[in-house]
Amino acid sequence: MGELLPGLLVNEIGGMHGILHDHVEFLKKHFCLITIKEFLENKKNMSKKVQAVYLWWHKPVIDRDLLQSLPNLKVIANSGVGMDHLDLKLVASFGVKMANAPCAVSSSTADTGMALLLASARRLVEGYHVAVSPSTEYYEADFLGVEVTGATLGILGMGSIGYKIALRAKAFEMKILYHNRTRRKEQEEQAVGASYCEKIEDLLCQADFVMVVVSLTPQTHKLIGKREMELMKPTATLINISRGAVVDQEALVIALRAGVIRAAALDVTYPEPLPRSPSHLLLFLRSTAGGLSGTQPVGSGDASPTAPGLHVCVKLL
Ligand SMILES: O=CC(=O)O
């Protein structure tokens, strides 16, 4: 029976990079599921069957070779919202349609943004590492953090995730500014108490927390660079929950080291995940900020636990 259904190419079923079993049950009612392994082992028989591809965590990788080997492909469905990992022009040139799931992760991403904001403000990750460190020498350190109540949050990108962040921030009694390509309706602004900044610069220089939520496009690539960080308050925290490449990472490292801004809390980096090398600049900052690795890179003179740094760096998989 499954053989008569249209073929759906998936990365794998279960496992680290495989689609969840709940999704499999649903998909099996409508498609004959073909894993990339089965496809590659039996390309000749499988290629004509595949009419759709289901992307889970950006996999399988869509390139010219794959598209050429799927003559009956009609649609590629991305299980997330961002499609920056795809060459949309290439896909369209094969007459294949693209679909994504715009609001599927809005609430969880907004929660992650707030979690990073709060963790950085209250220095939770540093405090945790100090608390579990066998060395007690940091216990005297100042872990006061900064106050969130009454602070100004600047949201860059007021789509569905940005708006959900505003809803959450309102409950924390924050003052909310936002910048977006198109201004939200007055009622929507009023519902969350958000004020529109036509210019990004106006938002950057007023915000105590800058939350980056824009999608990655050629226009937003390195949107936040040296100039933008210099516009921010020295007490401000940068939070990035969009894509790593929206923030110029080299400029960020320099800004953090020089105290141009207070801290950064990142859900996204490039590359991702970061190489597990203590010499990587972002990990260096993390080690100076909280003693995560417990060792300082040779020659570092700024090993204060209160040094501005990367307060939180997580990649949620
Ligand atoms: O990052 C998450 C998504 O693009 O859905």
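Of the 317 residues in the protein chain, 44% are buried (under 20% relative accessible area, with exposed meaning over 50% and partly exposed in between, for a 1.4 Å probe and protein chains only). The model is a predicted one, in which local features need pLDDT of at least 70 and side-chain atom pairs count only at pLDDT 80 or more, whereas totals for chains, interfaces and linings use all residues. Residues are numbered from 1 along each chain as its sequence is written, and side-chain values use heavy atoms, with hydrogens and water left out.

The secondary structure of the protein chain comprises 13 helices and 12 strands (DSSP runs of H or I, at least four residues, and of E, at least two, numbered from the N terminus). Among contacts (heavy atoms within 4.5 Å) between residues at least 6 apart in sequence, 61% join residues at least 24 apart.

Helix H6 (residues 106-122) packs against helix H8 (residues 160-171) at an angle of about 50 degrees, the axes lying 8 Å apart (lines fitted to C-alpha atoms over the stretch in contact, with angles from 0 to 180 degrees between N-to-C directions). The two helices, H6 and H8, are therefore oblique to each other, a class that takes in the angles left over once those under 35 degrees (roughly parallel), over 145 (roughly antiparallel) and 65 to 115 (roughly perpendicular) are set aside. The contact involves, among others, Ser106, Ala110 and Met114 of H6 and Ile161, Ile165 and Arg168 of H8.

In the loop between strand S6 (152-156) and H8 lies glycine 159, which is partly exposed, with a relative accessible area of 35%. Not counting residues up to four places away in sequence, glycine 159 touches Asn180 and Arg184.
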